[in-house]
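Subject: Handing over the structure

Dear colleague,

I am passing this structure on to you, together with an account of what was found in it. Please have the sequence and the model open while you read.

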Amino acid sequence: MRTTPFLALALLIAAWLAKPLAAANIWIEAESFEQKGGWLVDQQMIEGMGSPYLIAHGLGTPVKDAQTNVRIDTAATYNVYVRTYNWTAPWHPSTGPGGFKVAINGKRLPVIVGQTGDRWQWQKAGTVNLKRGMATLALCDLTGFDGRCDAICLSTSPVSPPEGYEALKRYRDKMLRRGQHVRSAGVFDLVVVGGGVAGMSAAVAAARLGLKVALVQNRPVLGGNNSSEVRVHLGGRINTGKYRRLGDLQKEFAPTQEGNAMPAENYGDDRKLNFVKGEPNVSLFLNHHVCGVQMQGQHIPMTKLLPALQPSAIPHGAIPKASSASDSDLNVTASSPQKGLESQSLAANETGKSKGNVLINRDNAIVSVIAMNVLTGEELCFEAPLFADCTGDATLGVLAGAMYSIGREPQSAFGEELAPQQADDMTMGVSMQWYAKKKDKPTSFPLFEYGISFNEQTAEKRLRGEWTWETGLNSRIVDNLERVRDYGMLVVYANWSFLKNRSKDRRHYERQQLDWLAYVAGKRESRRLLGDYVLSEQDIVKNMPHEDATFTTTWSIDLHYPDTLNARNFATGPFKAISRQRVIYPYAVPYRCLYSRNISNLFMAGRNISVTHVALGSVRVMRTTGMMGEVVGMAAAVCHANRAYPRQVYTHFLPQLQTLMERGVGDASLPNNQNYNEGWVLEQPPRLESKHVDQEQNE
């Protein structure tokens, strides 16, 4: 049959029409909105989710809309999918309080999202016809009760984006082209990850000794738990022990006012920022989260750090182990075997000078880290011969395959009297602090009843909640942080709602307004990286001397436990804690607790150093962690001067570190302005016949 040009054209058109058209997809990360209004960026769960999100933390008052502009390349009818989470679902299976709507070009779509479901999921907000050009997208909060948005996808497909962690990550990476445009942040002498008191001190100490330092912090402020985001005051003593110049740095940047849960200005965010920015050798990278590492000969992305975690789908006792890379992927020395990363046998303090050089393995070293800007998604690469994990959660160490412990060791491991008979996952919890403020006129608060109930006997009739408002004491917080944090917010809202709306004493609260509630959890404990020495209760209470003694810990062995009365009153779980303390004589901690036993060039400072759960009770307070940071910065300078690794400072160059600790790096002429909340200490070193001095604290 002869085909005419007209027939050929007709067949071509018919074939084109029969071919399914590829869906048009436009991906918008919520944290990248140009104007965030009253929505806040929350990056705390980035390890389990792969992304930060926006949260409408308005304390019961709807927050201002977040807005951004979106380019539309294809005119079409789009389905609007929103990735969100009904955060009260673990305790209240019905409609939740976090509802919001999406508006496009000023018109709100019909469906309220964020108030149904029981996990992070895609919810359809509606459909919209869009022309080519620019469109305005807005998140419209309806309640002020912590609605949350991870991402929005405008799609011509009737099928929402994937739900599973791995599938969603691949899809997100494809849409955002992650990994394709990693930009170099530079080559440094030391990269410090974590900008709390420990990280600040490590970075500045090294910088003042001549090192070029990058300080990478995943929040917009410095100070960690001592920032205005968490508002925990400093504790412990500086300028004490053999090396009395340790702690001098804190006199230059630390707040001079005491108190937990106080107004934001009490915590001196600007003072801390100016302190770090004033150091010419420190390059500061705020809002950057370390999400991958390059080891010698390999790359470990963030996907290996944690499995897919859903806040409402993790039963107690069934938390999956974190993993970084398989044994076959890692070049680990025979002297430091990799046991799924977590240490199953911690009583390993036999590593001494005679074995020091055998354990050095230059192939098991970090070459660089990748950090993602939590606002823009841009990825930066930081190269250095030395790294310091000051994250508190041991984020960098776990990415690199460092050995670590989590939970409580049994008494048999170290002979600790305060340890349990059997090992468990119990950690100290997170504090969710809050306070109310008196107003000139009566104020209202919405009724908030989402799975927890208060009455006249169980209500907390107070205007401030400090450290004792502690949740997560019975779970692995690092794996389950969102649920732990959310429970803390749930009980504060529910208690305040009862006081304002149902209590017989509500007239006493009519002019009181909930003025501040932290949404950034104040953590005490998560993972602890293992060094060549693991500090234990025995070291501290017996005041065991070590040749590599460094900073001095002065805080009591202060361990937190659920408040038993509070636990009996609430089937949903306790939200109050008590503190049991064993007073100590000031104790100098070995340097060997400050570097990784199996990652050759990794230091650590903060609550993730090499200690047992019990010993952490003493060293975790922030003035003490700041002195750790100073020691790490000094040790990094010794490494730099001698082209050495952290372990070699102990085996070969300890006198050089001791000289630096005697000299200090801070301004010794400044008076000690850190003489509040110093804690109790024994006046004399313990003797064999000495009795322990124990005490208990609650609210």
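Predicted model: local features only at pLDDT ≥ 70, side-chain atom pairs only at ≥ 80, totals over all residues.

The chain has 16 helices and 33 strands, and buried residues make up 61% of its 699 residues. Its accessible surface comes to about 27500 Å², and 49% of that surface belongs to carbon and sulfur atoms.

Another residue to look at is T552, which lies in strand β28 (residues 549-553). With a relative accessible area of 4%, T552 is counted as buried, because that word applies to values under 20%. Leaving aside its neighbours within four places in sequence, T552 is in contact with T240, G241 and K242, with P586, Y587 and A588, and with T624 and M627.

Turning to the strands, β1 (residues 25-29) has four of its five residues buried, so this strand is largely enclosed by the rest of the structure. Strand β1 pairs with strand β10 (residues 145-155) in the antiparallel sense over five bridges, and within this pairing N25 has S155 of β10 as its bridge partner.

Three strands form an open sheet in the order β23-β22-β25, with antiparallel pairing. Strands β23 (464-465) and β25 (512-517) stand at the edges and have a single partner strand each, so one side of each is left without a neighbour in the sheet. Helix α10 (residues 481-501) packs on this sheet, where it touches β22 and β25, and its direction makes about 175° with that of β25. Two bridges join β22 (residues 434-438) to β23, and the bridge partner of Y435 in β23 is R464.

A further open sheet of three strands has the order β29-β30-β33, and here too the pairing is antiparallel. In this sheet β29 (557-562) and β33 are the edge strands, each with a single partner strand, so one side of each is left without a neighbour in the sheet. On average, and with direction ignored, neighbouring strands of this sheet are turned by 20° against each other. Strands β29 and β30 pair over six bridges, and D558 stands opposite Q581 in β30.

The last topic is charge. Side chains of opposite charge can pair when their charged atoms come close. The structure holds 37 salt bridges, of which I describe a few below.

R580 forms a salt bridge with E696, the closest N and O atoms being 3.3 Å apart. Because R580 lies in strand β30 and E696 in strand β33 (residues 694-697), the pair ties together parts that are 116 residues apart in sequence. R580 is partly exposed, with a relative accessible area of 39%.

Strand β30 (residues 577-582) also holds R582, whose side chain meets that of E537 in a salt bridge (3.3 Å, N to O). Since E537 lies in helix α11 (residues 537-541), this pair ties together parts that are 45 residues apart in sequence. Both E537 and R582 are buried.

The side chains of E525 and R528 meet in a salt bridge as well (2.8 Å, N to O). E525 is buried, with a relative accessible area of 1%, and R528 is buried too, with a value of 0%. Finally, D42, R148, E482, R485 and D486 are linked in a network of salt bridges.

With kind regards

How values were computed:
Residues numbered from 1 in each chain as written. Heavy atoms only, no water. Buried < 20%, exposed > 50% of the residue type's maximum accessible area, 1.4 Å probe, protein only. Areas by Shrake-Rupley, 256 points an atom, 1.4 Å probe, with all protein chains shown as cover. Salt bridge = Lys/Arg side-chain N within 4 Å of Asp/Glu carboxyl O. Pairing = 2+ DSSP bridges. Contact = heavy atoms within 4.5 Å. Axes fitted to C-alpha atoms, helices over the stretch in contact; angles between N-to-C directions.
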